[in-house]
Amino acid sequence: MSFKIIEDLTSDVMFEAEGKTLKELFESSAKALFSIICKLDKVKAKTPKKIEIKANNLEELMFNWLQKLIAMVDIEEMFFNKFEIEEISEKKLKAKVYGSEIKPETGETVVKAVTNYKFKVWKEKDKYIARIVLDI
Amino acid sequence: MKELLKKATEFEYVLPKGSRKGMNVDARIIANKFILDGLEDESVKQLSNVAMLPGIIEPAWAMPDMHFGYGLPMGAVAAFDKDKGIISAGMTGFDINCGINLIRTNLTLKELEPKLNILNKALFKAIPCGVGSKGKLKLNNQQLKEVLTRGIKWAVENGYGTDNDIKNTEENGSMDGVNVSTISDTALKRGIPQLGTLGAGNHFLELQKVSHILDEKTAKKFGINDKNQITIMLHCGSRGLGHQIATDYLKIQEKAAEKYKISLPDRQLACAPINSKEGQDYFSAMKGAVNYSFTNRLIMTQWIRETFEKIFGRKWEEMEMETVYGIAHNICKKEKYKGKEIYIHRKGATRSLPEKPVLIAGSMGTASYILKGTEEAEKTFYSSCHGAGRAMSRNQAIKSFRGNDIKKELEKEGKAVEATSPIVLAEEAPKAYKDIENVIDSVQGAGISKKVVRVVPIGIIKG
């Protein structure tokens with residue numbers, strides 16, 4: 001399970017995340033997202049939140065998953081650093097995410113949204129890969 | 001694509017509609033030679049995509065601060081016929097009504113300098129900024145609805161600002177016709193805790209001093225009388241509420257484009273006919289975000305005034321801390337143009353009405369400008385540029401600069417700097433942006449705005 005930040009755009013940030021299974025892919029994508037929003041190692045994984053996402057296909061599921069997490073930062077006023085996908089298919093997922101209250105010293109930057117630019121989720125040999133561009 | 005640009009004047013280049021199959025109108029770019037040389041080819045292509053959309057009124061414009069964006073470049077202006085045209089969530093962007101408020105004071109540099117550091121620190125405390133700060137206000141649902149539908153009228157009735165602030169804000173800080181049911185629950189929930197927060201990234205609060213008065217008569221009208229007079233610039237937007245509305249309607253309008261058989265040159269230009277439910281629902285929701293953002297900036301303006309009162313022991317009215325102007329630079333509006341109603345998208349572009357202030361933010365640590373609009377701006381649908389425009393990606397900037405070095409350099413120049421993290425200072429390093437002077441020379445050369453006052457920062461607060 002891993003991710004890397006890729007240099008590319010003038011105003012934004014792109015990452016690629018991968019995993020051997022869909023579960024791993026979605027967990028590493030969420031980790032990549034929060035590595036941009038906050039200092040992952042300074043956030044405490046203490047308060048759990050349950051999430052359920054539905055979509056028409058795998059790409060939409062990824063989009064909705066990340067978008068939901070971005071919204072939760074504002075609504076719950078929390079940063080998350082631990083993500084457990086409990087159930088996942090191409091159209092649905094159930095997850096438990098853990099984090100703690102936002103604090104200025106643990107924050108990095110505001111991610112405005114997931115964009116459609118170069119957005120792609122695909123399978124390559126024995127792993128799944130997601131390429132995501134965020135507007136920050 | 002860039003090689004197809006033809007020089008129309010020293011400050012205007014045209015991409016004729018025959019340059020690419022599908023273009024309905026010409027595209028034009030305002031730029032001097034220096035700006036033109038630095039343009040990214042992809043951003044010119046994006047502008048040609050906009051020229052392909054149905055009902056676009058000639059021409060599609062790009063301002064000298066243009067750079068690659070989503071669907072269309074930042075620094076773009078596109079006007080559409082009210083009957084045949086489209087309205088687009090993609091073309092307004094994620095940060096709806098990102099904009100600037102400029103506040104003047106009657107304080108001079110000499111009075112402020114001894115208190116600069118303590119004032120800058122106090123402002124950093126008073127204005128919640130960065131991704132990790134909690135808002136100080138917690139609205140209830142009813143209050144949020146009032147903000148969305150009435151904008152800064154609500155703020156003034158609740159003790160934030162005065163009628164003068166209303167008078168000196170674009171659209172008087174309140175756009176009519178917001179139906180709250182067009183805004184999703186998620187967007188509303190994101191809006192509740194964040195009113196009165198600055199955000200992060202390129203958003204900032206700056207203490208500035210007037211460095212040059214370039215048009216004395218107009219400057220006086222705007223309340224700027226002397227060199228070294230202190231001004232305050234606030235740059236931010238509609239926060240998570242606006243981001244969510246944009247995200248929601250990008251999805252809705254992507255489907256709408258299919259439904260109404262609009263062929264999209266780029267799916268990020270998701271749009272719907274102006275006269276469709278998907279078009280008008282977006283217009284309503286977007287106006288809600290516009291009102292929220294105007295209110296956001298006025299609430300923080302009032303907190304800035306209160307902070308000055310504490311530090312200087314005088315009433316803000318005594319310090320003449322009046323709003324010079326509040327403007328939007330990411331917005332879609334229905335405006336009258338040559339006697340007709342048009343829908344105009346300005347993304348990273350500012351309204352430029354004759355004799356009215358046009359506020360242009362430079363990059364961190366560099367000059368900003370107060371311009372005035374002109375009659376000649378009729379050709380750009382009364383629009384101008386919005387800022388310096390990025391020249392380097394955020395990632396590239398983080399790799400090229402160290403936040404702490406940038407801070408030291410700024411402090412060496414006598415500027416006070418407060419930021420939630422050094423990374424944001426690296427991201428926003430002055431060298432990551434185009435040179436503001438070339439951007440301003442281009443709009444002045446093209447005649448769409450004229451220089452009035454140049455200001456430079458002395459105190460910087462970044463989220």
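At what angle do the axes of helix H6 (residues 141–150) and helix H12 (residues 277–312) of chain B cross?

This is a predicted model, in which local features need pLDDT of at least 70 and side-chain atom pairs count only at pLDDT 80 or more, while totals for chains, interfaces and linings use all residues. Residues are numbered from 1 along each chain as its sequence is written, chains are lettered from A and ligands numbered from 1 in the order in which they are written, and side-chain values use heavy atoms, with hydrogens and water left out.

**View 1. Crossing of H6(B) and H12(B).** The two axes cross at roughly 100 degrees and come within 6 Å. H6(B) is therefore roughly perpendicular to H12(B) (65 to 115 degrees). Axes are lines fitted to C-alpha atoms, for helices over the stretch in contact, with angles from 0 to 180 degrees between N-to-C directions. Helices (H or I, at least four residues) and strands (E, at least two) are DSSP runs numbered from the N terminus. H6(B) contributes Leu144(B), Val147(B), Leu148(B), Thr149(B) and Arg150(B) to the contact, and H12(B) contributes Lys287(B), Gly288(B), Asn291(B), Tyr292(B) and Thr295(B) (heavy atoms within 4.5 Å).

**View 2. Open sheet of chain A with two helices across strands.** Three strands are ordered E3-E5-E4 (chain A) with antiparallel pairing (at least two DSSP bridges between two strands). Strands E3 (47–54) and E4 (78–88) of chain A are at the edges; each has a single partner strand, so one side of each lacks a neighbour in the sheet. E3(A) pairs with strand E5 (residues 92–101) of chain A over eight bridges, and Glu52(A) stands opposite Lys94(A). Helix H1 (residues 22–37) of chain A lies across E4 and E5 of chain A, at about 170 degrees to E4(A). Helix H2 (residues 58–76) of chain A lies across E3, E4 and E5 of chain A, at about 140 degrees to E3(A).

**View 3. Strands E15(B) and E16(B).** Strand E16 (residues 368–373) of chain B runs antiparallel to E15(B), joined by four bridges. Ile360(B) stands opposite Tyr369(B). Pro357(B) and Leu359(B) point one way from E15(B), Val358(B) and Ile360(B) the other, and all are buried (under 20% relative accessible area, 1.4 Å probe, protein chains only).

**View 4. Surroundings of Lys415(B).** Lys415(B) is in the loop between helix H14 (403–412) and strand E18 (416–419) of chain B. Its relative accessibility is 12%, so Lys415(B) counts as buried. The side chains of Lys415(B) and Glu413(B) form a polar contact of 2.5 Å (N or O atoms within 3.5 Å; within protein, one able to donate a hydrogen and the other to accept it, and residues adjacent in sequence counting only if both atoms are side-chain atoms).

Conventions. Buried < 20%, exposed > 50% of the residue type's maximum accessible area, 1.4 Å probe, protein only. Parallel < 35°, antiparallel > 145°, perpendicular 65-115°, else oblique. Lists of a residue's contacts leave out its neighbours within four places in sequence.
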